[in-house]
Each structure stands twice: as structure tokens, then as C-alpha cells.
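I opened the model to look up two things.

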Amino acid sequence: MAYYSTQVVIIGAGPAGLALAIKLDQLGVENVVLEKRAKEYVLARVRAGILEQTSVDILSSIGADTRLNEEGIPHHGVQLAFDNTLTKIGLGVNTGGKIVTAYGQTEVTKDLCDLRARSPNKTFYEAKDISLHDFDTSAPSVTFNRDGKSYHIDCQIIAGCDGYHGVSRASVPKGAINIFEKSYPFGWLGLLADVPPVSAEIIYANADRGFALCSMRSWSRSRYYIQCKPDDDVKQWSDDMFWDELRHRLPEAVADKIQTGPSIEKSIAPLRSFVAEPLRFGRLVLAGDAAHIVPPTGAKGLNLAFSDIYYASEAIAAFFDEKDEEALSHYSERALKRVWKTQRFSWYLTNLTHRFTEDTFEQRVKEAELGYVTSTPTGRQMIAENYVGMPL
Ligand code: RFL
Ligand code: PHB
């Protein structure tokens, strides 16, 4: 058994874990990151694409914004499509200048990985059988196996940044945690292709055959999604079937302009809303998808992970600088306030833009709501200020 000791063990090297590690490096808090997957696997995952200004600011505050500034595509508006028409909701004009930036999570993770690689603090990839111990005491520890060798790390705080299926939240005794959740009767089938995006702004479409989304990774790489059945098998969806279905769900003027091409990635994601409360259990704090999941409709998951890290790093710094144990509880309270506001918006936008097996009455109400939010200053402002993200 190899023995180490550090101040903070961070579990998970996704965006939340890496951003926290870099922030703590910069604050002079010693830390170790443990990731169960290989680095190449983590870097190849295709996920989110839209960053709130808050996330851009957080990435810039830790020096992870060089490529983001060069390659990120600012979006000053978002488009809602329904009833065969397209309506723009201006972001900057409705929020005092705040916008969002299209920059893939894959690129964000790469930038964070490169920055972390310069740290003297250790990152262990392919760490197997991670197990959390004694986080209800002032002397927690974490054990794991790697390359046939066993490791034991003593620490003062454990940060669970290991996503929805991770070991951190699962280690909390059932009676200590409250779970709030909702699943939706559909999934998203996503396709990535090296073709120019159909629109310079993201399009969210509510159509008779279901929801569709047009997004991008660059001016030559597009990301599209369509609502699908929750139990659909991605292998049943050929690229041609996907493109046909997408065209059917967009206003004709948009469908006619779509450029198609072979997929470079295609996958199905389930949709759920989920919150675990609190976010602190003794010396264990949870952040990012380990603590909450939003349906991707508002493009909020990655952004919430970064706002959690903003609050968590302040709390951890106060814990070490001022011996302030309560700071960890304040982290939970502060982060959860923003989590719930964001849950509300993601749930609302999902309901507004997707087809459930609802009766005609509900669909008519949604059409009226879409008309309201696109045609009134109050409606546009509500969508815009939520889309660019709540203030920290
Ligand atoms: P991650 O990215 O899941 O990283 C967790 C890491 O922990 C590792 N891990 C473990 N490590 C050690 N031991 C264990 N036992 C472990 N178990 C797991 C995992 O291998 C992984 O490396 O969580 P994190 O860092 O909290 O980041 C959250 C975001 O990834 C997520 O919220 C977003 O991708 C959600 N999301 C979107 N968010 C946005 O803000 N904007 C978007 O446009 C957006 N689009 C999306 C999305 C998610 C999607 N899917 C696939 C669910 C679009 C889609 C389709
Ligand atoms: C994406 O580009 O992957 C994307 C954009 C907007 C969303 C979700 C995903 O709401």
C-alpha cells in the first residue's frame, strides 16, 4: 500500500473536478485528483456546447480562456421555432449586454487538462475501486487501486466531482440525503457532423413530430439533436433517418438550408431533473453532476458545475485560511439557491419545447406561451436573462 497525504482529494476529472483542482492549485491548497477513466476517454467525450458569461469569467479567472477567446463563438441571440416560423430572442439587448458563447465541453476539458498538467499536484487517471472513508470525522481518507497497486490518501476535505453515476454521492448514508427528481418520457438523439451550421444562432424548435435543436461547435462543425423515445437504440437511427427527421421538425425556410454529412458522433441521452440536498456531508462536498442534473434544454449542466466550483473554492479557501468549518455549509446553501433557479428554467424550457403524450389543450397552452414569450418584452426578457444565467 502506498500512503499519501494532502489537503483535498477531488474525485472526478470532468470539468468540475479539473476546474476545482486548478483553482485550489492557484489558492495554494494542496490537492490530488482521482479519475476512474483513462485521460483519452475523458478527452473524447462529446457533451455540452454553450457557456454562460459567468462560466467564461470563471474560466478566464483561472487562466483557461486562451483558446476560448480565439475559437469560442459569441451568441447575441437565440431562436425559438414553432408554427413554421422562427423568432429571435436577443440576449445582450435584454440583459444589459450579457451573452453566451459556443465552445464545446470537449475543448473546455482539454484546456483544463493542459493547465492542470502544469501543476505539481498529482492527477491519477484509471484509479479503480475508489472508496471514501470517515468523512463524518475530521480525518477523512480515500483508497483506490491502480496498476495492481493499492493507495491510501489522508486528507481534510473530499470533493465529489464524479458525475451522476459516481461513488461520492453513493457513499452518503441514505438517511442523510434528500433526493428530488423527475424523469421525462423521452431522450435526445444527438449527431455531430463536419458541416456548416444551418444558423448562426441556436434554434430550439417545438414541432408536431417533437423537439429539435440546431447548435454548433465551429463554423464548420454542427451539433443537432432531436427528441426521441427514451428506449430508442442509436443503432436503429441511420444518419439519413436523422437528417430526414430533423428537417421535418424545422420551419421550411430552415430545413431547406440544412447541409448534411456523415456523423462523427451519434448518441442518445436520457433527460432528467435531479437535485441531492444538502451538498455537504461533514468533510465531503458534492459539486456538478454528482449533485444535480438538469435536462439539457437550457444548456445549463456544465454552467452549474462551474458556478458550484466558484462557491466551493471560496468555501474551501475559508476552511483552510480561517479554520471556518461552517464555510462548507454555506457552500451548500449558496450553491443550491442557484441550482434551483436553474432547475426551474431547464424544466420550464423542456416543457415548453417538447411534445409529451399530452392532450390538445396542453399543446394549445404551450403555443400560447411560446407566442407570449416571443412577442412581449417581459417574455423575451425572462427567457434571455435565464438563458445567459443567473448572477452568482
Ligand atoms: P462529468 O463531466 O460527468 O465528470 C465526472 C467525472 O468523474 C468520473 N467518475 C469517477 N471518477 C472516479 N471514481 C469514480 N467512481 C467515478 N465515477 C465517475 C467520470 O469518468 C468523469 O470524468 O461531471 P461534471 O464535471 O460535474 O460536469 C458536468 C457536465 O459534464 C454536464 O453537466 C454537461 O455535459 C451537461 N450538458 C450541457 N451542459 C451545459 O452547460 N450546456 C450544454 O449545452 C449541455 N449540453 C449536456 C449537454 C449533457 C448532455 N448529455 C450527454 C447528458 C448535452 C448533452 C447531450
Ligand atoms: C450543444 O451545443 O450541445 C447544446 C446546445 C444547447 C443546448 C444543449 C446542447 O440546450
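Which polar side-chain atom lies 2.7 Å from an oxygen atom of ligand 2? I found that it belongs to Tyr204. I counted polar contacts as pairs of N or O atoms within 3.5 Å; within protein, one must be able to donate a hydrogen and the other to accept it, and residues adjacent in sequence count only if both atoms are side-chain atoms.

Ground rules next. This is a predicted model, where local features need pLDDT of at least 70 and side-chain atom pairs pLDDT 80 or more, while totals for chains, interfaces and linings use all residues. Residues are numbered from 1 along each chain as written, chains are lettered from A and ligands numbered from 1 in written order, and side-chain values use heavy atoms, without hydrogens and water.

Back to ligand 2. I noted a polar side-chain atom of Ser215 at 2.6 Å from a ligand oxygen. A backbone N or O atom of Thr297 lies 3.1 Å from an oxygen of ligand 2. The protein covers 97% of the 280 Å² of accessible area that ligand 2 has on its own (Shrake-Rupley method, 1.4 Å probe).

I then listed the shell (a heavy atom within 4 Å). There are 13 residues around ligand 2, and Tyr204, Ser215, Arg217, Tyr225 and Pro296 come nearest. Strands S16 (212-218) and S17 (221-228) each supply at least two (strands are DSSP E runs of at least two residues). S16 gives the most, with 3 residues.

Last, the helices (DSSP H or I runs, at least four residues). H10 (residues 301-322) and H11 (residues 327-353) pack at about 165°, axes 8 Å apart (lines fitted to C-alpha atoms over the stretch in contact; angles run from 0 to 180 degrees between N-to-C directions). So H10 is roughly antiparallel to H11 (over 145 degrees).

Note on methods: Angles under 35 degrees count as roughly parallel, over 145 as roughly antiparallel, 65 to 115 as roughly perpendicular and the rest as oblique.
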